[in-house]
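Subject: Structure handover

Hello,

Here is the structure I promised to pass on. Please have a look before you read my notes.

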Amino acid sequence: MVQFSPEVIDTIIKAAALLGAGFAMIAGIGPGVGQGYAAGKAVESVARDPEARGNIITTMLLGQAVAESTGIYSLVIAIVLIFTI
């Protein structure tokens with residue numbers, strides 16, 4: 001069995017944590033795409049039915065807030081991985 005020194009083990013753990021933080025930030029792409037798509041569809045809906053503007057905007061903003069929570073969670077996980085190891 002191979003024995004690693006504590007310095008090597010510490011370096012491997014730090015590298016894995018930073019790699020995990022990078023992977024966690026990839027999750028920020030999804031909310032960005034989803035929010036852009038939702039905003040585009042809301043604009044189309046308001047163009048078709050201007051009287052329903054208030055309901056459409058309210059529903060869009062609620063959906064975007066829920067979608068953004070995924071991006072915020074991934075940012076928190078990345079920050080935890082970077083600064084606690």
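My notes follow, from the whole chain down to one residue.

This is a predicted model: local features need pLDDT of at least 70, side-chain atom pairs count only at pLDDT 80 or more, and totals for chains, interfaces and linings use all residues. Residues are numbered from 1 along each chain as its sequence is written, and side-chain values use heavy atoms, without hydrogens and water.

Fold. The chain has three helices and zero strands. The order from the N terminus is α-α-α. Helices here are DSSP runs (H or I, at least four residues), and strands are E runs of at least two, numbered from the N terminus.

Shape. The C-alpha trace spans about 70 × 15 × 15 Å along its principal axes. The radius of gyration, over C-alpha atoms, is 21 Å, while a compact globule of 85 residues would be near 12 Å. That rule is 2.2 Å times the number of residues to the power 0.38.

Burial. Buried residues make up 14% of the 85. Buried means under 20% relative accessible area, with a 1.4 Å probe and protein chains only.

Contacts. Of the contacts between residues at least 6 apart in sequence, 76% join residues at least 24 apart. A contact is heavy atoms within 4.5 Å.

Beyond its neighbours within four places in sequence, Gln35 contacts Gln64, Ala67 and Glu68. The side chains of Gln35 and Glu68 also form a polar contact of 2.8 Å. A polar contact is a pair of N or O atoms within 3.5 Å; within protein, one must be able to donate a hydrogen and the other to accept it, and residues adjacent in sequence count only if both atoms are side-chain atoms.

Best wishes

Key: Buried means under 20% relative accessible area, exposed over 50%, partly exposed in between (1.4 Å probe, protein chains only).
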